[in-house]
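Please view the structure first, then work through the points by topic.

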Amino acid sequence: MGAVRPKKGLGQHFLKDLQVAERIAKTLSDYKEYPVLEIGPGMGVLTRFLLDEGQNLSVVELDMESVQYLEQHFPELEEKIFAADFLKLDLNKLFPGPFCIIGNYPYNISSQIFFKVLDYKNQIPCCSGMLQKEVAERLAAGPGSKTYGILSVLLQAWYDVEYLFTVSEKVFEPPPKVKSGVIRAVRNGRTNLGCDEKLFKTVVKTSFNRRRKTLRNSMKPLLGKDCPDYSLPIFDKRPEQLSVEQFIELTLITDRNLKMQAEKEI
């Protein structure tokens, strides 16, 4: 079987540079005790280096043409090639214990991939790979950065995120219109946020919905216009100024006020 034709609808841009592929594969060198799932292997340029690294590798690929190519060229992956949509996979059925994730992620679903990683955060000690540079920078951005946003906070609550290196658009077929960035997210030591996790997500999303406003304004959909705690200094800040710990503090304040409001309505 010859080369696979990249499909625009699947966001496919096949990496051609073997040195870049090898560098990405080595981002998991310290995690060889865990099985690895590669997302969107395409024609296996990264797959080959992961196998050479000795990783216990499985791959998930939505494109059936790529699946057939992988079956033919990577017989060592027999029964470890999953023809499926990663976003719809029940990962507990594939991996009963811890596992790592890597990939040259399709640009059109890269954020959704990391939201799914968060769903399995207690099983995924490390997640690395390449995605659109702007998205990679956003995941690794700290408070005060213009790119710091919802996914930055939610991911960094549970992972230490490092931006590793930038990849030129010229090393892909077809070349994308943007540069790419490689990141690595390593599970931090946090086992509990110390607040309601569902409310934490709601608070982060609500505050960034009006990111240019102070929290006194952006939190009104949750807390109403007359919240007594609006006098606290934290509400003078804008969402991109808050660290993960400050968002936890904001969640506790929100929780307390929502409970007080509920008691008044009884």
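A polar contact is a pair of N or O atoms within 3.5 Å; within protein, one must be able to donate a hydrogen and the other to accept it. The side chains of Ser-180 and Tyr-107 make such a contact, at 2.3 Å. The model is predicted. Its protein chain has eleven helices and nine strands.

- Along the principal axes, the C-alpha atoms of the protein chain fill a box of roughly 70 × 40 × 30 Å.
- The protein chain has 266 residues, and buried residues make up 49% of them.

**Ser-180**

- Ser-180 belongs to strand β9, which covers residues 180–187.
- The relative accessible area of Ser-180 is 0%, so this residue is buried.
- Its polar contact partner is Tyr-107, reached side chain to side chain.

**Aromatic pairs**

- A pair of aromatic rings is described by the distance of the centres and the angle of the planes.
- Six aromatic pairs turn up in a search of the whole structure.
- One of them joins Phe-95 and Phe-99, with 4.4 Å centre to centre and 15 degrees between the planes. This pair is stacked.
- Phe-95 has 6% relative accessibility, so it counts as buried.
- Phe-99 has 0% relative accessibility and therefore counts as buried.
- Tyr-148 and Phe-208 form an edge-to-face pair, because their planes stand at 75 degrees, with ring centres 6.2 Å apart.
- Tyr-148 sits in the loop between α6 (133–140) and α7 (150–156), while Phe-208 is in helix α8 (residues 197–208), so the pair ties together parts that are 60 residues apart in sequence.
- Tyr-148 and Phe-208 are both buried.
- Phe-247 joins Tyr-148 and Phe-208 in a cluster linked by ring pairs.

**Charges over rings**

- Arg-23 lies over the face of Phe-165. The distance to the ring centre is 3.7 Å.
- Lys-116 places its charged end over the ring of Phe-86. Here the distance to the ring centre is 5.2 Å.

**Cavity**

- Rolling a probe the size of a water molecule over the atoms shows where empty space is left.
- One cavity of 30 Å³ or more is present in the structure.
- The largest cavity holds about 70 Å³ of space.
- Its lining consists of Leu-118, Asp-119, Lys-121, Leu-154, Trp-158, Glu-197, Phe-200 and Lys-201.
- Helix α8 gives the largest share of that lining, three residues.
- Both α5 (110–119) and α8 supply at least two lining residues each.
- Which classes of residue does the lining of the largest cavity have? The lining has four nonpolar and four charged residues, and no polar ones.

**Met-43**

- Met-43 lies in the loop between β2 (36–39) and α2 (45–52).
- Is Met-43 buried or partly exposed? The relative accessible area of Met-43 is 25%, so the residue is partly exposed. The cut-off for buried is under 20%.
- Met-43 and Gln-68 are 25 residues apart in sequence. Their C-alpha atoms are 9.6 Å apart in space.

Conventions: Residues numbered from 1 in each chain as written. Predicted model: local features only at pLDDT ≥ 70, side-chain atom pairs only at ≥ 80, totals over all residues. Heavy atoms only, no water. Phe/Tyr/Trp six-rings, centres within 6.5 Å; stacked < 30°, edge-to-face > 60°. Buried < 20%, exposed > 50% of the residue type's maximum accessible area, 1.4 Å probe, protein only. Helix = DSSP H or I, 4+ residues; strand = E, 2+ residues; numbered from the N terminus. Lys NZ or Arg CZ within 6 Å of the ring centre and 35° of its normal. 1 Å grid on protein atoms, 1.4 Å probe; cavity = no way out; pocket = protein on both sides within 12 Å on 5 of 7 lines; lining within 4 Å. Points joined across faces, edges and corners; volume = space filled by probe spheres on them. Nonpolar A, V, L, I, M, F, W, Y, C, P; charged D, E, K, R; others polar.
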